[in-house]
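Dear colleague,

I am handing over the structure below for your reference. Please look through the sequence and the model before reading the notes that come after them.

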Amino acid sequence: MPDYPQLSLFINGQWRQTADTIPVLNPEDETVIGTTPMARRTDLDDALEAAETGFRIWSRTPAKERAAVLMRAAALMRDRADEIAHANTLDMGKPLAASKQEALRGAMIMEWDAAESLRQYGRVIEGTAGYRNTVLRQPIGPVAAFSTWNFPISTAVRKVASGLAAGCSIILKAPEDTPSGAYHVARVFQDAGLPDGVLSLLYGDAPEISGYLIPQTAIRLVTFTGSTAVGGHLGTLAAQHMTPVIMELGGHAPVLVCDDVDPAQMGQMGAARKYRNSGQVCTSPTRFYVAEPLYDQFCDSFLDRARATRVGSGFDAATEMGPLVHDRRLEAMSALVEDAVQQGAELKLGGKRHGNKGYFFEPTVLANVPDTARIMQEEPFGPIAILNTMSSLDDGIAKANSVDFGLAAYGFSHKATNLDRMVDGIEVGQLSLNTFDTSLPETPFGGVKSSGLGREGGAEGLSHYTVVKNVSHRSEIG
Ligand code: NAD
């Protein structure tokens, strides 16, 4: 397997180094595995100019040719999935099989966007006699995209594939902590024949780059994945320039376990899902509200499965949970656990750093957590589960809605009436019933409340990268 790649900026079809770099750390053992180049102001200006030129070329390229580039890029992702996964596990720490799955999912997203882009149909509206109105969907323009570190391959692909499929050019600012995923995404598009300038890749000081790019008149859409705090800041900046945004922000997913399900099965399923990606998932099931009669059995089963979670190197095939991405997340986890315990929660499992090398945190279970604890309102974004009760389904739905987030929620019951009540009552963008599976390339993903704006994926996601133009056409001048 090749060593960790030499990372570069990618601007106007050229790979570019800069004098200013920061180290890339392996979160498993804190060793330096590479360096990330930091963009300078001149790199940002060059990327903006390339995006404007690239947009003129790409927006006029027939949809079929654009789709063919996306399909070639997808094929290259598949061919290179092992290499891409290796680098992703080195800088992000997730198990190798999960990294490979993420690369293959990236390919699926590209394929779906390519196919859907051929169906960006408009409409014809007759209107007044002698007139014909044609409604067109045209690419919105150059996009500033900010991807993040928890799914470094697929958050980058989500933005790039939809934008390119719609005919936009993109400046992608990728995360410095886990930079290899976006680097490989840019490489497959270059090798698939994407014209120079259509896609640029930047790393660097995030506030400086977003603060410079977003106000530019060239930028017609901003898409960001990350925390609600940063999303709010970028959204405010974009609003000052009337630039639309797509915001995929935090979540605090509730899980409602009704009194008619098997508590042992649910405990096993819940714990297996909670520790995926070390809990660093915006849809991670976090607040489990269990029907009171099932609570004890559910907790026993959850704890058994949580205890059995294999924590270790992402390169060990038996590992289920790798490290957290950086040391800041370790501190955040410890602080949330400490506060919850002080408020009266029972620490049933874990609660501290695992080992003394790398950023591992123990699979953690808190039970009977009072609503006053910080973790009941703040997204843990790590391997901490909250096991609480619900006295009725109405109580569970009220508790599910009691946070400011509204990204994902899960509900489990055999009764259609219970499931329907959850469909009607839970305030989220993504509701999964009787499963912990969430989004597909073909389904729209996003949140309500402070979890975000807009959708990624599905026809809805693609439509954000277009603008609607109505052409009023009178058959005779007059
Ligand atoms: P953070 O808010 O500092 O960073 C999150 C991401 O935003 C990073 O990729 C970072 O580079 C980027 N970022 C930060 N400031 C920015 C700015 N001014 N302009 C542009 N980009 C900026 O948080 P963190 O400590 O890295 O991660 C913790 C929190 O981030 C979590 O609690 C979670 O809420 C959120 N997060 C959410 C997702 C998601 O999938 N929605 C993914 C990653 C992180």
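The model is a predicted one, in which local features need pLDDT of at least 70 and side-chain atom pairs count only at pLDDT 80 or more, while totals for chains, interfaces and linings use all residues. Residues are numbered from 1 along each chain as its sequence is written, and side-chain values use heavy atoms, with hydrogens and water left out. Helices (H or I, at least four residues) and strands (E, at least two) are DSSP runs, numbered from the N terminus.

Helix H4 (residues 96-117) and H5 cross at roughly 15°, and their axes come within 9 Å. Here, axes are lines fitted to C-alpha atoms, for helices over the stretch in contact, and angles run from 0 to 180 degrees between N-to-C directions. H4 and H5 are therefore roughly parallel to each other (angles under 35 degrees count as roughly parallel, over 145 as roughly antiparallel, 65 to 115 as roughly perpendicular and the rest as oblique). From H4, the residues making the contact are Glu-102, Arg-105, Gly-106, Ile-109, Met-110, Asp-113 and Ser-117, and from H5 they are Ser-154, Val-157, Arg-158, Ala-161, Ser-162 and Ala-165; contact means heavy atoms within 4.5 Å. By class, five of the residues in the contact of H4 with H5 are nonpolar, four polar and four charged. In this scheme Ala, Val, Leu, Ile, Met, Phe, Trp, Tyr, Cys and Pro count as nonpolar, Asp, Glu, Lys and Arg as charged, and the others, Gly among them, as polar.

Helix H5 (residues 154-166) also packs with helix H6 (residues 180-191), at an angle of about 30° and with their axes 10 Å apart. That makes H5 roughly parallel to H6. On the H5 side, Ala-156, Val-157, Val-160 and Leu-164 meet Ala-182, Val-185 and Phe-189 in H6. The contact of H5 with H6 has seven nonpolar, no polar and no charged residues.

Ala-182, in helix H6, is buried, with a relative accessible area of 1%; buried means under 20% relative accessible area, exposed over 50% and partly exposed in between (1.4 Å probe, protein chains only). Leaving aside neighbours within four places in sequence, Ala-182 is in contact with Pro-152, Ala-156, Leu-172, Ala-174, Leu-201 and Tyr-203. Ala-182 and Asn-88 are 9.8 Å apart in space, C-alpha to C-alpha, and 94 residues apart in sequence.

Helix H11

Helix H11 (residues 327-342) has 16 residues. Its buried residues are Arg-329, Leu-330, Met-333, Leu-336, Val-337, Asp-339 and Ala-340. Strand E14 (346-349), strand E15 (364-367) and strand E16 (384-390) are included in what covers those buried residues of H11. Just after H11, Gly-344 takes a positive phi of about 115°.

Two loop residues

Most residues other than glycine have a negative phi. Glu-30, although not a glycine, has a positive phi of about 65°. Glu-30 is found in the loop between strand E3 (21-25) and strand E4 (32-37), and at 34% relative accessibility it counts as partly exposed. Ser-278 is a residue other than glycine with a positive phi, near 55°. Ser-278 lies in the loop between helix H9 (263-274) and strand E13 (285-291), and is buried, with a relative accessible area of 3%.

Yours sincerely

Methods
Expected span 1.5 Å × (residues − 1).
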